[in-house]
Amino acid sequence: MKNIIQLNEVDVYFKEYKVLSDLTFNIEEGDYIGIIGPNGSGKTTLVRSILGLGGEVRGEIVVGDRRNIAYLPQLTGSKSKFFPAKVREIVATGLLKNKSFPKFMTRRDHEKVDEVLKELQMYDKRDSLIGELSGGQKQRVLLARAIVSEPKILILDEPTSALDPKLRDKLYKLISELNRNKGLTVLFISHDVGTIEKYVDKVMYLDKKLVFYGTPLEFERSEEIKKYTGSLKH
Ligand SMILES: Nc1ncnc2c1ncn2[C@@H]1O[C@H](COP(=O)(O)OP(=O)(O)OP(=O)(O)O)[C@@H](O)[C@H]1O
């Protein structure tokens, strides 16, 4: 498999503070990776560095064209009930971001919006206002916006924290399907250790450095990681 993201001896700083140290790893095309680790361990900083949005990076990050990456950040708070945008308009903004000026939607663009809404079972809600939707539905609208431009890489930052366990499971399954059916490479930051492992191909455990990177089975069996996480609890 082809490498789609490569990090070579990467450190990330905020001013003098080194948040991430000596990261060297490859992500292969089509991988589904769960990124886990304690609070403040640098998970968001890592994905933002890959996106070219975070901290001061020393070392080498190779990602090719960043326009091929879609980012679904943490869902914080709920948009006002009166936020005047409709579901299909919000999804359409996912196509406009890569267009040069003047930006307008073609008939094909409208079809793409409809297709992705059908895929995520939100087509019936296409004319609803975003503020009128439930947390899980909002999440799917934002996911639709992220994937409507057919990115090669999808990065999700803890998108499940506002969802109940049933909806979480649904989102994990949906992302698995996108990974399998579209060959989408997925980086999924999660606090759901134990659940995310059921869906991903690889687990990345960060704690300011790369502590573990391997399959869920290797992760489960690793004595080293047991010792490491055990020592954090004391
Ligand atoms: N813009 C910033 N300026 C200064 N320090 C920052 C900035 N962003 C993050 N940090 C610091 O970097 C460290 C790692 O933060 P980060 O958000 O990457 O961790 P995380 O693993 O995603 O945490 P959580 O699981 O709590 O979301 C923290 O100590 C945080 O305070």
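**View 1. Helices α2 and α3 cross.** The axes of helix α2 (residues 87–96) and helix α3 (residues 107–119) come within 10 Å and cross at roughly 115°. Here an axis is a line fitted to C-alpha atoms, for helices over the stretch in contact, and angles run from 0 to 180 degrees between N-to-C directions. Helices (H or I, at least four residues) and strands (E, at least two) are DSSP runs, numbered from the N terminus. The crossing of α2 and α3 is right-handed: a crossing has that hand if the near helix is turned clockwise from the far one by less than a right angle, and is left-handed if anticlockwise. On the α2 side the contact is made by Arg88, Val91, Ala92 and Leu95, and on the α3 side by Asp109, Lys112, Val113, Val116 and Leu117. Two residues are in contact if their C-beta atoms, placed from the backbone, lie within 7 Å. Sorted by class, this contact has six nonpolar, no polar and three charged residues. Nonpolar covers Ala, Val, Leu, Ile, Met, Phe, Trp, Tyr, Cys and Pro; charged covers Asp, Glu, Lys and Arg; the others, Gly among them, count as polar.

A note for all the views: this is a predicted model, in which local features need pLDDT of at least 70 and side-chain atom pairs count only at pLDDT 80 or more, while totals for chains, interfaces and linings use all residues. Residues are numbered from 1 along each chain as its sequence is written.

View 2. Helix α5 (residues 165–182) has 18 residues and reaches 26 Å from its first C-alpha to its last, close to the 26 Å expected at 1.5 Å a residue; the expected span is 1.5 Å times one less than the number of residues. Look for Arg168, Tyr172, Ile175 and Asn179, which are buried. They cover an arc of only 65° around the axis, which puts them on the same side of α5; the arc is that of the directions from the helix axis to the C-beta atoms. On the other side of α5, Lys166, Lys173, Glu177, Arg180 and Asn181 are exposed. A residue is buried if 20 or more other C-beta atoms lie within 10 Å of its own, exposed if 12 or fewer, and partly exposed in between, with C-beta atoms placed from the backbone. The buried residues of α5 pack against β3 (32–36) and β7 (185–189). Glycine 183, with a positive phi near 65°, follows the helix.

**View 3. Helix α1 is largely enclosed.** Six of the eight residues of α1 are buried, so the rest of the structure largely encloses this helix. The buried residues are Lys43, Thr45, Leu46, Val47, Ser49 and Ile50. After α1 comes glycine 52, whose phi is positive, near 80°.

View 4. Glycine 55 lies in the loop between α1 (43–50) and β4 (56–62), while valine 19 is found in strand β2. Their C-alpha atoms, 36 residues apart along the chain, are separated by 8.8 Å. Leaving aside residues within four places in sequence, glycine 55 is in contact with Val12, Tyr13, Phe14, Val19, Thr45 and Ser49.

**View 5. Two lysines have positive phi.** Lysine 15, in the loop between β1 (3–14) and β2 (17–28), has a phi near 55° and is exposed, with 7 other C-beta atoms within 10 Å. Lysine 208 sits in the loop between β8 (202–206) and β9 (210–214); its phi is about 70°. With 18 C-beta neighbours inside 10 Å, lysine 208 counts as partly exposed.
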